[in-house]
Amino acid sequence: MISLQGIGLSFRRDGDTTEVLRDFSLEIPAGRFVAVLGPSGVGKSTLLRVVGGLLRPSAGTVRIDASGDKPLPVAFVFQDARLLPWRRVLGNVSFGLEHGQHTAQERRAKAATALALVGLSGYDQRYPHELSGGQRQRVALARALAVDPDILLMDEPFAALDAITRESMQDELLRIHAATGKTVIFVTHAIDEAIYLADEVVAIAGRPGRLAASVPIEVARPRRRGDPALAELAAQLRTQLEETA
């Protein structure tokens with residue numbers, strides 16, 4: 001469970017204060033896939049960093065009830081894969097395990113399992129420059145999954161991909177979510193992507209950013225692109241965002 005209560009966040013620079021988020025409250029049950037939607041500059045990525053502990057809110061509280069005793073319940077996947085170019089794929093995926101209590105053999109095994117989960121078995125000895133953009137994003141996702149997080153925080157991870165690769169990665173993510181039951185918070189600009197992927201779409205609008213809408217997506221999985229029910233939900237959400245802009 002992730003619980004955000006009355007979150008506010010402001011930055012102060014050169015005597016000026018910029019308020020990014022105001023009075024933002026949300027509860028996300030374990031295992032839920034939530035898409036965070038909104039135009040540029042409303043605080044979507046900032047919210048993700050607050051949840052991940054990279055930023056401390058100026059107001060409100062963040063509570064994450066993690067399962068078990070795992071020291072790293074949260075992992076990030078960014079728009080840029082951010083792979084280490086001098087490391088092979090296996091070394092990139094195992095990077096997050098190197099500061100724990102795992103042996104080298106355990107790190108290799110966990111990395112190999114994560115690569116299999118994203119469909120990249122057999123690519124472990126390649127370098128990042130030998131991969132396509134979609135493959136590099138799969139490696140970034142495998143790196144996040146290798147540490148077995150409770151929560152995946154994804155900041156527009158498919159935005160830089162071409163349309164065909166983006167759709168393939170969306171389907172891959174849905175398969176992984178179904179297989180692992182991870183809680184996913186997925187930031188996107190694209191209404192269609194949010195509707196297709198998520199159990200719930202959370203829209204942020206205004207400056208400072210506020211919760212504009214929270215829309216459950218009650219279309220059964222597996223979903224079909226072009227489904228009239230998804231198109232209707234997308235139209236409704238687009239209207240809500242226009243009214244709160």
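Reader: What volume does the largest cavity have?
Author: The model discussed here is a predicted one. A search of the whole structure finds 1 cavity of 30 Å³ or more. The volume of the largest cavity is about 40 Å³.

Reader: Which elements give two or more residues to the lining of the largest cavity?
Author: The residues that line the largest cavity are Ile2, Leu4, Leu26, Ile28, Val36, Leu47, Val51 and Ile185. By class, this lining has 8 nonpolar, no polar and no charged residues. Two or more of the lining residues come from each of strand S1 (2–13), strand S2 (16–28) and helix H1 (44–51).

Reader: Which residues are the closest to the centre of the largest pocket?
Author: The largest pocket has a volume of about 330 Å³. Its lining has 14 residues, and the closest to the centre are Ala75, Phe76, Phe95, Gly96 and Arg143.

Reader: How many nonpolar, polar and charged residues are in the lining of the largest pocket?
Author: Strand S5 (74–77) and helix H4 (133–146) are the elements that give two or more residues to the lining of the largest pocket. Divided by class, the lining of this pocket has 10 nonpolar, 2 polar and 2 charged residues.

Reader: How do the residues of the contact of H4 with H5 divide into nonpolar, polar and charged?
Author: On the H4 side, Gly134, Gln137, Arg138, Leu141 and Leu145 take part, and they meet Thr165, Ser168, Met169, Glu172 and Ile176 in H5. The residues of this contact divide into 4 nonpolar, 4 polar and 2 charged.

Reader: Is the crossing of H3 and H4 left-handed or right-handed?
Author: The axes of H3 and H4 come within 8 Å and cross at roughly 130°. H3 and H4 are therefore oblique to each other. The handedness of the crossing of H3 and H4 is right-handed.

Reader: Which residues in H4 meet H3?
Author: From H3, the contact involves Lys110, Ala114, Leu115 and Leu117. By class, the contact of H3 with H4 has 6 nonpolar, no polar and 1 charged residues. The residues in H4 that meet H3 are Ala142, Leu145 and Ala146.

Reader: Which residues does Ser121 touch, not counting those up to four places away in sequence?
Author: Ser121 is in the loop between helix H3 (104–117) and H4. From Lys110, Ser121 is 11 residues away in sequence and 12 Å away in space, C-alpha to C-alpha. Not counting residues up to four places away in sequence, Ser121 touches Leu115 and Ala116.

Reader: What is the phi of Arg82?
Author: Arg82 lies in the loop between S5 and helix H2 (89–93). Most residues other than glycine have a negative phi. Arg82 is not a glycine, yet its phi is positive, at about 55°.

Reader: Which residue does a cis peptide bond join to Pro208?
Author: Pro208 has its place in the loop between strand S8 (200–205) and strand S9 (210–216). The cis peptide bond has an omega of about 5°, and the residue joined to Pro208 is Arg207.

Methods. Residues numbered from 1 in each chain as written. Predicted model: local features only at pLDDT ≥ 70, side-chain atom pairs only at ≥ 80, totals over all residues. Heavy atoms only, no water. 1 Å grid on protein atoms, 1.4 Å probe; cavity = no way out; pocket = protein on both sides within 12 Å on 5 of 7 lines; lining within 4 Å. Points joined across faces, edges and corners; volume = space filled by probe spheres on them. Helix = DSSP H or I, 4+ residues; strand = E, 2+ residues; numbered from the N terminus. Nonpolar A, V, L, I, M, F, W, Y, C, P; charged D, E, K, R; others polar. Contact = heavy atoms within 4.5 Å. Axes fitted to C-alpha atoms, helices over the stretch in contact; angles between N-to-C directions. Parallel < 35°, antiparallel > 145°, perpendicular 65-115°, else oblique. Left-handed = near helix turned anticlockwise from the far one by under 90°.
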